[in-house]
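Please read this report with the model open beside you. It moves from the overall fold to the packing, then to the loops.

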Amino acid sequence: MNLTRRLKAARGLLGAFAATSVAHLGAIATGATALQHATKPALMPLLAAQTLAAKPGAPKLLAPALLASAAGDVLLQVGGDTAFLAGMGSFAAAHVCYVTMFVRRGALDDRRRTLLTAAAYATAWATLISRLWPGLGGLQIPVAAYSLLLTSTAVTSAGLGLRTGVGGALFLLSDTLIATRLADWTPLPAQNFLIMATYIAAQYLLATGLTSESALQGREAPSDGGSAAGHAQPTTT
């Protein structure tokens, strides 16, 4: 595929991703369950296709991270404890990919910044888990383990740049909103909408941040190995 055709395809895929995102969020806002279920599984595959078309030199683990997220999206729509835990595992696989990509691109090179960022996120993680713990029941250990991976994505994403840093923070916010529902906290107004809006924005910022020119010039190990981590939501993410 020549450059012109590739860029045209990338623009078309970006438009499809944007349209599907708007349709999905609109379906949440209007309570159109069938449309929610139809559009959600398409979000991350479209984003993966768009980033690969726009940047042929994209990190090898980016598509697996987004497709693992798509698998998690589908599993969380199935319902039931087994599917929920499997969905959490798929998202966990995605976070391992993200952390690996960030580290390979030098996200931890500035040790002072890394320590300060890690300390801030660790404090937030410990505070949140301590408050959620009593309401999580049998999900205490899985949620605590998953949230550590999620926090690792937030920490390492901040070391690569503002775009990825905001993406990592939004991913953490999205899953925090999910965790409060698991713990039976009083929901926020339009909480399902907020969960998906922050999740979609997070994935877009992470993907485009990793394929920016400055990120692609960063260091990468000879082979991309690893799997990634998750976005746990009982019914709607």
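The report below starts with the source of the model and the fold.

This is a predicted model, in which local features need pLDDT of at least 70 and side-chain atom pairs count only at pLDDT 80 or more, while totals for chains, interfaces and linings use all residues. Residues are numbered from 1 along each chain as its sequence is written, and side-chain values use heavy atoms, with hydrogens and water left out.

**Fold and confidence**

The chain has 9 helices and 0 strands. Helices (H or I, at least four residues) and strands (E, at least two) are DSSP runs, numbered from the N terminus. Confidence is given as pLDDT, the predictor's score for each residue from 0 to 100. The chain averages 90, and 89% of the residues score at least 70. Among the elements, helix 8 has the highest mean pLDDT (97) and helix 9 (residues 213–216) the lowest (68). Over residues 221–237 the pLDDT stays under 50. The model still has 85 contacts beyond four places in sequence for that stretch. A contact means heavy atoms within 4.5 Å. Of the contacts with a separation of 6 or more, 79% join residues 24 or more positions apart.

**Surface and core**

Of the 237 residues, 47% count as buried. Buried means under 20% relative accessible area, exposed over 50%, and partly exposed in between (1.4 Å probe, protein chains only). The chain exposes about 10600 Å², and carbon and sulfur atoms supply 66% of it. These areas come from the Shrake-Rupley method with a 1.4 Å probe; for residues, only the protein chains shown count as cover.

The largest nonpolar core holds 47 residues. Such a core is a set of buried Ala, Val, Leu, Ile, Met, Phe, Trp, Tyr and Cys residues joined through side-chain atoms within 4.5 Å. Met44, Leu62, Leu66, Tyr98, Met101 and Phe171 touch the most other members. Helices 1, 2, 3, 4, 5, 6, 7 and 8 each give two or more residues to this core.

**Helix 4**

Helix 4 is mostly covered, with 17 of its 24 residues buried. Its C-alpha span is 35 Å, close to the expected 34 Å. The expected span is 1.5 Å times one less than the number of residues. Gly106, with a positive phi near 90°, follows the helix.

**Aromatic pairs**

The structure holds 4 aromatic pairs. Rings of Phe, Tyr and Trp (its six-membered ring) pair if their centres lie within 6.5 Å; planes under 30 degrees apart count as stacked, over 60 as edge-to-face and the rest as tilted. Two of the pairs are listed here.

| Pair | Centre to centre | Angle between planes | Type |
|---|---|---|---|
| Phe17 and Tyr204 | 6.3 Å | 15° | stacked |
| Tyr98 and Phe102 | 6.1 Å | 15° | stacked |

Phe17 lies in helix 1 (residues 3–30) and Tyr204 in helix 8 (residues 191–210), so this pair ties together parts 187 residues apart in sequence. Phe17 is buried at 6% relative accessibility. Tyr204 is partly exposed at 29%. Tyr98 and Phe102 both sit in helix 4 (residues 81–104), 4 residues apart, about one turn of the helix. Both are buried. Phe91, Phe171 and Tyr199 form one aromatic cluster.

**The loop between helix 7 and helix 8**

Asp184 is in this loop. Its phi is near 65°, a positive value in a residue other than glycine. Asp184 counts as exposed, at 68% relative accessibility. Ala190 is found in the loop too. Ala190 has a positive phi of about 55° although it is not a glycine.
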